[in-house]
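Work through the exercises below with the sequence and the model side by side. Try each task before reading its solution.

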Amino acid sequence: MKKTLVILTALFLSACVSQPQLNAPTTIEHNKKTYHLTTEQDLGTVVRYFYVLLGEDVQNWQSAVEILLDRNKQKRTLQERIDWRKQVYTNSGVKNFKLYDKKDTLYAYVIYEPTAGNKNWQVDVAKGMNVPHCGFVQYQYSVKIPKKHKFTNMSNKKVLSHLKKYLIDKEINKLGKADWSLGCKH
């Protein structure tokens, strides 16, 4: 009896200290396309799930979905998270981003301009929230837009305005209306 009690106590204690695990799907439907889980990286405090279309991979993709689980060991509030990200983007030279809190939910977009090493524009649109007994969970849709596309003769200011109106606003709206089904395994 004592041996059984010791084993049950050990199992209970190990369950209490185990890290939250996201109930991440193997496929995700976004914009009527099916994205497949390609990479799952557990870095201890953060777990990253990366999804691409069939025929694409982690290095070569045109659109992707990423789910992040920040186990939130720092116990950051949503506003602290927003302030921290703003600082990171500013310090790394990213000029075009917006992060805001709407009804305890983080909404964000980031626009990466083409560089010598990356010829494409890249837009990331995200929605995230604190999930009880899980941490901070973020869903992000990313798309690359070739510079040679219709943006060739447009100024950067016009490209940014076009991306905001025809891509970002629509994606943020979709994310706002989408059911949130991401949570942790219990």
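Helices (H or I, at least four residues) and strands (E, at least two) are DSSP runs, numbered from the N terminus. The model is predicted: local features need pLDDT of at least 70, side-chain atom pairs count only at pLDDT 80 or more, and totals for chains, interfaces and linings use all residues. Residues are numbered from 1 along each chain as its sequence is written, and side-chain values use heavy atoms, with hydrogens and water left out.

**Exercise 1. Positive phi**

Solution. Start with the background: most residues other than glycine have a negative phi. Asn72 is not a glycine, yet its phi is positive, near 55°. Lys75 has a positive phi too, of about 55°. Finally, check accessibility. Buried means under 20% relative accessible area, exposed over 50%, and partly exposed in between (1.4 Å probe, protein chains only).

**Exercise 2. Helix α3**

Then find where α3 bends and what covers its buried residues.

Solution. At Lys164, α3 bends by about 40°.

Then list the buried positions: Val159, Leu160, His162, Leu163, Leu167, Ile168, Glu171, Ile172 and Leu175. An α-helix has 3.6 residues a turn, so residues three or four places apart point the same way. The cover over the buried residues of α3 includes β1 (27–30), β5 (96–101), β6 (106–112), β7 (120–131) and β8 (135–146). Contact here means heavy atoms within 4.5 Å.

**Exercise 3. The disulfide**

Which cysteines does the disulfide join, and where are they in the chain?

Solution. Apply the cut-off: a disulfide is a pair of cysteine sulfur atoms within 2.5 Å. The structure holds one. Cys134 is joined to Cys184, with S to S at 1.8 Å. Cys134 is in the loop between β7 and β8, Cys184 is in the segment after α3, and the two are 50 residues apart. The angle about the S-S bond is 65°, and the link is right-handed. Both Cys134 and Cys184 are buried.

**Exercise 4. Salt bridges**

Trace the salt bridges of Asp42, Glu66 and Asp70.

- Asp42 pairs with Arg71, closest N and O atoms 3.0 Å apart. Asp42 lies in strand β2 (33–42) and Arg71 in the loop between β4 and α2, so the pair ties together parts 29 residues apart in sequence. Asp42 is partly exposed at 44%; Arg71 is buried at 7%.
- Glu66 pairs with Arg48 at 2.3 Å. Glu66 is in β4 and Arg48 in β3 (46–52), so parts 18 residues apart are tied together. Glu66 is buried at 12%; Arg48 is partly exposed at 23%.
- Asp70 pairs with Arg81 at 2.9 Å. Asp70 is in β4 and Arg81 in α2, so the pair ties together parts 11 residues apart. Both Asp70 and Arg81 are buried.

Notes:
Bend = angle between axes of the 7 residues up to and from the residue. Salt bridge = Lys/Arg side-chain N within 4 Å of Asp/Glu carboxyl O.
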